[in-house]
Amino acid sequence: MSIAFRLFVLLACLLLPIATATARQAAEAAPRETLLTADRLLDVRSGRILRDAHVLVRDGRIVEIGQGDGASAASAGATRIDLGDMTLLPGLIDMHVHLDGDPTYGGYTGLQFGDRFWSMLAVPHAERTLMAGFTTVRNVGSDAWNDVGLRQAIDESKVVGPRIVTAASSFGATGGHCDSTYFPPSMEQKNPFSADSPEEARKSVRTLRKYGAQVIKICATGGVFSRNTEPGQQQMSLAEMRAVADEAHQWGLKVAAHAHGAAGIKDAIRAGIDTIEHASLIDDEGIALARKHGTWLSMDIYNTDYTQAEGARNGVLEDNLRKDREIAELQRENFRRAHAAGVRMVYGTDAGVYPHGRNGGQFAVMVRYGMTPLEAIRSATVNAAEALGRSDVGVLEAGRYADLVAVPGDPTQDVRLLEAVPFVMKGGAVVREDAETR
């Protein structure tokens with residue numbers, strides 16, 4: 001090895017951390033004051049388009065929204081960003097992701113890697129999600145506290161990603177969808193938080209909250225991508241789910257319930273669960289209950305296109321693909337029925353079952369199955385913020401985080417504009433600015 005080559009390698013090793021740190025700092029360091037102007041701004045509450053709009057950001061929060069150039073409100077040293085013929089709207093919220101999941105490893109293929117492999121994958125997945133315009137996500141189930149560690153690293157500006165509401169480990173009944181169901185007894189694989197009584201359910205809630213869960217995720221029914229469970233099977237009792245909801249609410253936490261089957265959905269609603277995930281086989285009684293109780297439905301009606309096209313190639317077992325096929329169109333039609341009945345809806349994609357960064361692809365499917373573009377946008381902004389119980393995200397108004405995106409044209413006319421978001425700001429820091437925004 002030549003001396004010149006040795007020097008080249010040494011220099012590269014020295015410069016790589018500096019380059020990485022510089023990119024991270026550029027993405028996360030927000031100027032104290034920024035004035036954004038654009039031809040349009042969407043008020044997601046009213047649906048009104050504000051023309052010739054400006055947003056003044058100070059210390060990561062919105063301080064003013066109005067019309068005109070906003071020059072009189074901004075200080076002389078404010079950073080100015082003119083977005084021209086674009087529409088500003090709130091940073092998007094995905095209520096159902098698994099950032100440490102990678103769909104290219106299905107069935108047993110993930111066993112070729114060590115446990116920390118998935119922790120490492122969560123980092124680029126988080127960045128892709130943010131770059132797609134999703135500035136807040138709810139991670140409803142991960143392994144080995146991966147989502148909690150990722151949230152902490154993002155909050156400390158060590159890595160780039162969205163705001164994460166963490167569930168840590170999801171749990172349910174022994175042998176159910178949230179348990180480990182792929183291995184024989186000799187492997188002794190199980191979810192340590194599985195709960196088979198109301199008392200055990202309360203203990204799991206307390207332990208998960210202790211170590212970083214900000215929302216509790218349970219599995220009320222069987223699922224598609226577990227083994228030896230069927231989506232329609234109820235797997236937690238009403239008493240167990242009620243214990244989870246009561247305990248979580250006592251601690252100030254919301255609860256999400258994975259529930260495909262009609263009976264499990266109805267008991268989850270009766271138990272006081274806040275959001276129903278998937279809701280694939282919801283019936284008329286379940287729709288009426290959801291409307292009566294104000295329960296939110298988070299229905300992932302986009303990802304089947306990917307799982308059916310790529311699942312077998314990724315190693316997904318045929319039995320899982322069979323379940324996926326059987327409920328796909330039923331779920332979409334039940335989405336249509338629930339929305340038409342006036343049930344409250346939020347935007348949840350189950351990213352991790354399909355590739356991260358494609359989260360925006362669900363908007364068009366929601367419109368195809370009955371929503372207006374504005375309703376679909378609300379599901380990922382103001383509705384999602386309300387379901388999270390948060391008043392700091394989801395709407396562009398003074399006092400909230402300066403989390404926003406901009407797209408060319410009007411997304412209330414063409415919601416597919418949200419599939420490729422060219423401008424993203426999180427907490428007052430520009431994290432994506434494509435050439436066409438300049």
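Some conventions come first. The model is predicted, so local features need pLDDT of at least 70 and side-chain atom pairs count only at pLDDT 80 or more, while totals for chains, interfaces and linings use all residues. Residues are numbered from 1 along each chain as its sequence is written, and side-chain values use heavy atoms, with hydrogens and water left out.

I begin with confidence. pLDDT is the predictor's confidence in each residue, from 0 to 100. Its mean for the protein is 93, and 93% of the residues reach 70 or more. Residues 1–16 have a pLDDT below 50, and beyond near neighbours in sequence this stretch has one contact in the model, where contact means heavy atoms within 4.5 Å.

Along the principal axes, the C-alpha trace spans about 65 × 65 × 40 Å. Among contacts between residues at least 6 apart in sequence, 68% join residues at least 24 apart.

How much of the protein is buried? Of the 438 residues, 57% count as buried, meaning under 20% relative accessible area, with exposed over 50% and partly exposed in between (1.4 Å probe, protein chains only).

Next, the interior. A nonpolar core is a set of buried Ala, Val, Leu, Ile, Met, Phe, Trp, Tyr and Cys residues joined through side-chain atoms within 4.5 Å. The largest has 82 residues, of which Phe 171, Ile 216, Ile 218, Ile 276 and Leu 297 touch the most other members. Another core, of 18 residues, lies apart from it and includes Ala 53, Val 57, Leu 404 and Met 425. Beyond its neighbours within four places in sequence, Ile 216 contacts residues including Phe 171, Val 205, Leu 208 and Val 244.

The model contains one disulfide, a disulfide being a pair of cysteine sulfur atoms within 2.5 Å. Cys 178 and Cys 219 form this bond, with their sulfur atoms 1.9 Å apart. Cys 178 lies in the loop between β9 (171–172) and α4 (198–210), and Cys 219 in strand β10 (residues 215–219), so the pair ties together parts that are 41 residues apart in sequence. The torsion about the S-S bond is about 50°, so the disulfide is right-handed. Cys 178 is buried at 13% relative accessibility, and Cys 219 is buried at 1%.

Finally, some backbone details. Most residues other than glycine have a negative phi. Asp 52, in strand β2 (residues 49–58), has a positive phi near 50° and is partly exposed at 47% relative accessibility. Asp 59, in the loop between β2 and β3 (61–67), has a positive phi of about 55°.

Note on methods. Helix = DSSP H or I, 4+ residues; strand = E, 2+ residues; numbered from the N terminus.
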